[in-house]
2 protein chains.
Amino acid sequence: MITVNIIGSGNVAQHLISVFQQTETIVLQQVFARNSESIAHLIATDKITSLYSNLKPADITIISVTDGAIAEVSEQLPFENQFVIHTSGSTGLEALNNKNRRGVFYPLQTFSKTKKIDFKKVPLCLESENESDYEILEKLGKIVSDKVFKINSEQRQSLHIAAVFSCNFVNHLYLLGKEICDQNQVPFEILMPLIQETADKIKTLSPLEAQTGPAKRNDQKTIEKHLSFLEDENKKTIYELLTQSIQKYNG
Amino acid sequence: MITVNIIGSGNVAQHLISVFQQTETIVLQQVFARNSESIAHLIATDKITSLYSNLKPADITIISVTDGAIAEVSEQLPFENQFVIHTSGSTGLEALNNKNRRGVFYPLQTFSKTKKIDFKKVPLCLESENESDYEILEKLGKIVSDKVFKINSEQRQSLHIAAVFSCNFVNHLYLLGKEICDQNQVPFEILMPLIQETADKIKTLSPLEAQTGPAKRNDQKTIEKHLSFLEDENKKTIYELLTQSIQKYNG
């Protein structure tokens, strides 16, 4: 049995509230939310508080708020020498106030309020100052997910940057592709199987092996045709830069 | 019943040979291959020829060779006024010699020799000079795929460019993400669910709605942290350019 407090009511906090309540071995003790309405559908109202002074120590207190608020919230906690963790990918462990024992529980997935997620498949990146705290953190992680990794703050920072490249930037390239289709009255859905296959392929091939296209083939004629077709300077610059980068790795 | 010739023995040609032979309404009449060994496992050897003069007219003759060879191959065909098509995404219909009636059958998917593809889900972009030829082309397309689109040469060119952005460049961003992970001893597999989810999300949300991350949030502090973490100039430049581009669309 692990008792847990959650501070916060955003996307990640809401997913954690739901997931923890579906288990038998995690007891969600209290949730701190300034605005209780946003989570009233998820948990009994007597467990919700909007006063720090009402919070009681638990085995693990999880701060799931915006990155910029982590330091202040951790300072406000009315107890000391408890195990307190945050859920941020881009914030070091040391952002937490050191009056408590510190750790991190970073679920690496995009959470949207509308789309359901199978939490068992969400990779959890865990870190703690003390080895003894890591044990309970890992226990909590393994109850809710099949993919638990011990990741220190610097590694987590690198992961977050890798995710910006492989997800945020990727989504933006989908947008540019869609815009090119829209401008030429071509349904973007034609590209969908190719987009899915591109994401699938790297489950079995390394991205270097999976690379195809004019840049990889060094097909200068096609590259020039594409550049002269593109009228938008922004797309041209991105096309040139990513083409050069592909050629660096395949040269 | 549609009779078909295939000229070529590459990836696309091999997939077409397999798929056509699995149907009852398409008769694969002849395959032209310089090197018959590469396709001997796919089709009876008496149907393979390496001499253009052996080729007989069919309802549709499909030229599936490298883009640069399409013009010459179409000139070599020993018949006239037949329906002859190519399978290239980045080549106009007019690359085909005009002694025959011309068309295009462009399957928009990445084909690798090792990975199986469900051809029914491959979008086919079809084009022909004459409306009457389009009918038989569409009939052929619908036998092998559930997704058939009428796409003219300029639209196909735009699609090919959109595919470079949404697939070739996307795969390269996976590579950069993996390199960042490798350099920090973090398993790239941690990012896999996020990568899959990013590709899945745009089935139900537009890429503009699906965008997340520091650039979208205009989180300058995180952006600067990421840039100072990245040592490689190439990655820095790509990070800056794509961040700016996201901000243009979300400004």
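A crossing of two helices is called left-handed if the near helix is turned anticlockwise from the far one by less than a right angle. Keep that in mind for the exercises below, which work through a predicted model.

**Exercise 1. Work out how α9(A) and α9(B) sit against each other, and which hand their crossing has.**

Start with the axes: those of α9(A) and helix α9 (residues 233–250) of chain B come within 11 Å and cross at roughly 155°. Next, bring in the cut-off: angles over 145 degrees count as roughly antiparallel. So α9(A) and α9(B) are roughly antiparallel to each other. As for the hand, α9(A) and α9(B) make a left-handed crossing.

Now look at who touches whom. On the chain A side, α9(A) brings Asn234(A), Thr237(A), Ile238(A), Leu241(A), Leu242(A), Ser245(A) and Lys248(A). Facing them in α9(B) are Asn234(B), Thr237(B), Ile238(B), Leu241(B), Leu242(B), Ser245(B) and Lys248(B). Sorted by class, this contact of α9(A) with α9(B) holds six nonpolar, six polar and two charged residues.

**Exercise 2. Describe how α9(A) meets α4(B), and name the residues involved.**

Geometry comes first again. The axes of α9(A) and α4(B), which covers residues 153–183, come within 10 Å and cross at roughly 55°. That angle is why α9(A) counts as oblique to α4(B). Here too, α9(A) passes α4(B) in a left-handed crossing.

Then the side chains by name: α9(A) supplies Leu242(A), Ser245(A), Ile246(A) and Tyr249(A), while α4(B) supplies Phe169(B), His172(B) and Leu175(B). The class count for α9(A) with α4(B) is five nonpolar, two polar and no charged residues. Notice that Leu242(A) and Ser245(A) turn up in this contact and also in the one with α9(B).

**Exercise 3. Find the angle at which α4(A) and α4(B) pack, and say what kinds of residues make up their contact.**

The two axes lie 9 Å apart, and the packing angle is about 180°. So α4(A) is roughly antiparallel to α4(B). Counting by class, the contact of α4(A) with α4(B) has 22 nonpolar, six polar and no charged residues.

**Exercise 4. Put together the whole side of chain A that touches chain B.**

Begin with the totals: 73 residues of chain A are in contact with 73 residues of chain B. The elements giving two or more residues to the chain A side are α4 (153–183), α5 (192–201), α6 (207–210), α7 (214–217), α8 (220–229) and α9 (233–250). Of these, α4(A) gives the most, with 25 residues. By class, the chain A side splits into 43 nonpolar, 23 polar and seven charged residues.

**Exercise 5. Work out how the two copies are related, and which C-alpha of chain A is nearest the axis.**

Superpose chain A on chain B: it takes a rotation of 180° with 0.0 Å of shift along the axis, and the RMSD is 0.0 Å. The copies are therefore related as by a two-fold rotation axis. In chain A, the C-alpha nearest that axis belongs to Val170(A), at 2.7 Å. Both copies use the same surface, with 100% of the contact residues of chain A recurring in chain B.

**Exercise 6. Decide whether chain A is a compact globule or more spread out than one.**

First, the parts list: chain A has nine helices and eight strands. Its radius of gyration is 23 Å, whereas the globule rule gives 18 Å for 251 residues. Along its principal axes, the C-alpha trace of chain A spans about 70 × 35 × 30 Å.

Definitions and conventions:
Residues are numbered from 1 along each chain as its sequence is written. Chains are lettered from A and ligands numbered from 1 in the order in which they are written. This is a predicted model: local features need pLDDT of at least 70, side-chain atom pairs count only at pLDDT 80 or more; totals for chains, interfaces and linings use all residues. Two residues are in contact if their C-beta atoms, placed from the backbone, lie within 7 Å. Helices (H or I, at least four residues) and strands (E, at least two) are DSSP runs, numbered from the N terminus. Ala, Val, Leu, Ile, Met, Phe, Trp, Tyr, Cys and Pro count as nonpolar, Asp, Glu, Lys and Arg as charged, and the others, Gly among them, as polar. Axes are lines fitted to C-alpha atoms, for helices over the stretch in contact, and angles run from 0 to 180 degrees between N-to-C directions. Angles under 35 degrees count as roughly parallel, over 145 as roughly antiparallel, 65 to 115 as roughly perpendicular and the rest as oblique. Copies are superposed by least squares on the C-alpha atoms of residues with pLDDT of at least 70 in both. The radius of gyration is taken over C-alpha atoms; the globule rule is 2.2 Å times the number of residues to the power 0.38.
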